[in-house]
Amino acid sequence: MAPKIAVIYYSMYGHIKQLADAEVKGIEEAGGKADLYQVKETLPQEVLAKMHVPEQSKDIPFITAEKLKEYDAFLMGIPTRYGNFPAQWKTFWDSTGQMWFTGGYWGKYGGLFVSTSSQGGGQESTAIAAMSTFAHHGIIYVPLGYAKAFEPMAETKEVKGGSPWGAGTIAGSQGERTPSALELDIAKIQGKEFYGTVAKAFH
Ligand SMILES: Cc1cc2nc3c(=O)[nH]c(=O)nc-3n(C[C@H](O)[C@H](O)[C@H](O)COP(=O)(O)O)c2cc1C
């Protein structure tokens, strides 16, 4: 039986979305399938307008607490806010209290990938902050690690996001940078290896 996998992201300006697509590609290359979901916006429209945030896609469904329960494993794309996860991501998790209470997500597998505007802007601290949510739900965290992506991870000639906690991208202070081929490659490797790890439990 193949595991049922979701890739879930919150993306204001599209950087994390590109990584999410690469993660899905990696899962598919490994022989799996993944459904893509987005996390619903929570900021008021007048704030979003001031921030020049494009409307959320109408083609990608929003994740709900009930929907997440249907999956065996999921990868989450998280753009950093002050070295931490965004309120939108937390609002989703704050809607899952019933699952926490009943063990609805207990034993599921989870991984993550992140985006920051700058290097040192909090890629690792964002991942570490997310661990508390995973731990409280009993979600088994699957890191990217180094072994399967050593060369692109150890590359020092170009700016790049990502860490052993998960793939990542550096968006630039105005969001002017798009994920590089190297960053997308790491995200694809993460998807592939995540699927490989999870599939072992579903023989
Ligand atoms: C309120 C706010 C706080 C942010 N805090 C950080 C931060 O601590 N470090 C950082 O490097 N970037 C920070 N950023 C930049 C975002 O991480 C960046 O816009 C995002 O990763 C881009 O991904 P997206 O296009 O998928 O939304 C912040 C952005 C906003 C709006």
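Let's start at the ligand: one of its oxygen atoms is 2.8 Å from a polar backbone atom of T80. This is a predicted model, where local features need pLDDT of at least 70, side-chain atom pairs count only at pLDDT 80 or more, and totals for chains, interfaces and linings use all residues. Residues are numbered from 1 along each chain as its sequence is written, and side-chain values use heavy atoms, with hydrogens and water left out.

Now H15. A polar side-chain atom of H15 lies 2.5 Å from an oxygen atom of the ligand. At Y82, a backbone N or O atom is 2.9 Å from a ligand nitrogen atom. How much of the ligand's 640 Å² of accessible area does the protein cover? The protein covers 83% of the area that the ligand has on its own. Such areas come from the Shrake-Rupley method with a 1.4 Å probe; for residues, only the protein chains shown count as cover.

Stay with Y82. Y82 sits in the loop between β3 and α4 (87–94). Helices (H or I, at least four residues) and strands (E, at least two) are DSSP runs, numbered from the N terminus. Phi of Y82 is positive, near 55°, and Y82 is not a glycine. Buried or exposed? Y82 is exposed, at 86% relative accessible area. Buried means under 20% relative accessible area, exposed over 50%, partly exposed in between (1.4 Å probe, protein chains only).

H52 also deserves a look. H52 is not a glycine, yet its phi is positive, about 55°. H52 lies in the loop between α2 (45–50) and α3 (65–69). H52 is exposed, with a relative accessible area of 66%.

Next, helix α1, residues 15–29. Its 15 residues reach 22 Å from first C-alpha to last, close to the 21 Å expected at 1.5 Å a residue. That expected span is 1.5 Å times one less than the number of residues. The buried residues of α1 include H15, I16 and L19. What do the buried residues of α1 pack against? Their partners include β1 (5–9), β3 (73–79) and α8 (181–199). After α1 comes G31, with a positive phi near 100°.

Last, α8. Its 19 residues should span 27 Å, and its end C-alpha atoms are 27 Å apart, which agrees. Among the buried residues of α8 are L182, I186 and F194. The buried residues of α8 pack against α1, β4 and α7 (150–154), among others.

Methods:
Contact means heavy atoms within 4.5 Å. A polar contact is a pair of N or O atoms within 3.5 Å; within protein, one must be able to donate a hydrogen and the other to accept it, and residues adjacent in sequence count only if both atoms are side-chain atoms.
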